[in-house]
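Have a look at it first, then read on.

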Amino acid sequence: VGHMHIKCHLVFDVKHGSLERKARYVAGGHMTAAPASITYASVVSRESVRIAFMLAALNGLEVEAADIGNAYLNAPTNEKIVITCGPEFGAEHEGRLAKIVRALYGLKGSGQAWRSHLAQVLREDENLGFQMCKADNDVWFRPAVKADGTKYYEYVLVYTDDILCLSMKPGDILDYLDQRFLLKPNSRGPPKTYLGADIKKHTFPNEPDKQYWSMGSTTYVQEAVRNVQTYLEGKGLELRKSVSTVLPSKYKPELDTSALCDEEGISQYHQRIGVLRWAVELGRADICTEVSMMAAHCAMPRTGHLEAVWHVFAYLKKFDKSKMVFNSSPSNFLVKTSELPRPDWTEFYKDVQERIPPDAPEPRGQSVEMSAFVDSDHAGDTVTRRSRTGIWLFIQSSPITWYSKKQNSVETSSFGSEFAAMKTAVEMVEGLRYKLRMMGVPIDGPCNVKADNMSMVRNSSVPESQLKKKSNSIAYHYVRERAAADVVIINYESTKTNIADMLTKTQCGLVRRKLCSYVLY
């Protein structure tokens, strides 16, 4: 009584590359009503993964990965489901009703049931005792002490059934998890791939004794390019060979008036934009601006837009190797915040202070410095005249977050668009500082924010500076108040070396690759 009758089926697959045969028993979740309980299951953010790799090098921690086999089947289901047994259940059971008690793949609530079960084990098992990070619910940490008495945190990052473990002895944590769940034996060890990215150790020539983790998208990009080439060959087409820029020279997607795509073209456009967006997530920040521009036309792509997307893949074919190194050394391309003049804001914002979360854990491990680059392309969209914001956030010398997006309103001056960009950057800085504190990472001083608009820098860093345009007052006071609270300290950076410039506009190949050399290898 109260249960729903459904059917189940088997799904067969052959894994690409290894040709491993797989079969999975799947419930017909499409036949069930939406469960009364929540079905959302979160996963760790890529930002947190990048922070973790940087922290591993900073605090001298080992990193190991593992994959939990048949993860969902470890969790009890929250849904009331029954099936009719077929002959494969044996003659004595055939025709009888069987109750589904495990979170079978295919059920609407299985993802949430598994995540909840794993969270309960990590939190409540006395041999684990991990605490959930409130800034990212799939980052788990617990206090630990090194042999020399140094305090630090051990971390476990969870992406559904993929586990990333940071500790002096990560194998001990994974050994215990292997007793509670079944870890795939060939998945354990230092990570080689994670979420589609290539994970490797990197050594700089001037630091032969130090190793840092790197994340690259070479394998993913090469496979994506091969898929595009195969599709185009079937159409009697091919990718361009002589390509130096991400988009065709002087191409403006908002001015494209070519014919609308047919259904196949629309499908291809959506698929390829999805692939490019994930490449950006994996570290291909050199195409971030152009992918953002092209993604704005997914609702009604034109044939010219699709041609431009093929051009992006031609660029990736020529420049297919790229990786980010999560360098834990102090930033070597910025002036230290301690060396910058600190104005007295007392008369203007009185006793304003940075809001420190009262429930933040005790800071442990080495402290980190934050820095950022900000830029805006004033009225870059030739149709709407909206500007584009570009932001880079760094922890130590590691690129952690990059952002390229059209602003929500039209600004009549470059000063206004720069201040709007600065406001967004400071909001992102506050969010990242909150996450670091909730992960137990000590922060050394305010974030060093670099911008190339001198008027905006003066208005943000000189207390007695007056605002001339009231339309910018919200961004103006928000940024100045955070500067007064020592959240940020804002100073000037030349346009030629402001790497956020690559996130606001299309550029010639030489300029783009020079800026990319600061963050990509």
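How many salt bridges does the structure hold? Keep in mind that this is a predicted model.

1. The count of salt bridges comes to 27. One of them joins D125 to R180, with the closest N and O atoms 2.5 Å apart. D125 sits in the loop between α2 (110-124) and β7 (131-133) and R180 in helix α3 (residues 170-180), so this pair ties together parts that are 55 residues apart in sequence. D125 is buried at 10% relative accessible area, while R180 is partly exposed at 37%.

2. Next, have a look at helix α4 (residues 218-234), which holds both E223 and R226, three residues apart, or about one turn of the helix. These two form a salt bridge as well, their closest N and O atoms being 2.6 Å apart. E223 is partly exposed at 24% relative accessibility, and R226 is partly exposed at 44%.

3. There's also a network of salt bridges to find: it links R355, E430, E481 and R482.

4. On to the rings: the structure holds 17 aromatic pairs. In one of them, F415 and F419 have ring centres 5.2 Å apart and planes at 75 degrees, which is over 60, so the pair counts as edge-to-face. Both belong to helix α9 (residues 414-438), four residues apart, which puts about one helical turn between them. F415 is buried at 15% relative accessibility, and F419 is buried at 0%.

5. Finally, charges over rings: the charged end of K201 sits over the ring of W213, 4.8 Å from its centre. K146 lies over the face of Y152, 5.9 Å from the ring centre.

Key: Residues are numbered from 1 along each chain as its sequence is written. This is a predicted model: local features need pLDDT of at least 70, side-chain atom pairs count only at pLDDT 80 or more; totals for chains, interfaces and linings use all residues. Side-chain values use heavy atoms; hydrogens and water are left out. Rings of Phe, Tyr and Trp (its six-membered ring) pair if their centres lie within 6.5 Å; planes under 30 degrees apart count as stacked, over 60 as edge-to-face and the rest as tilted. Helices (H or I, at least four residues) and strands (E, at least two) are DSSP runs, numbered from the N terminus. Buried means under 20% relative accessible area, exposed over 50%, partly exposed in between (1.4 Å probe, protein chains only). A charge sits over a ring if NZ of Lys or CZ of Arg is within 6 Å of the ring centre and within 35 degrees of the ring normal. A salt bridge is a side-chain nitrogen of Lys or Arg within 4 Å of a carboxyl oxygen of Asp or Glu.
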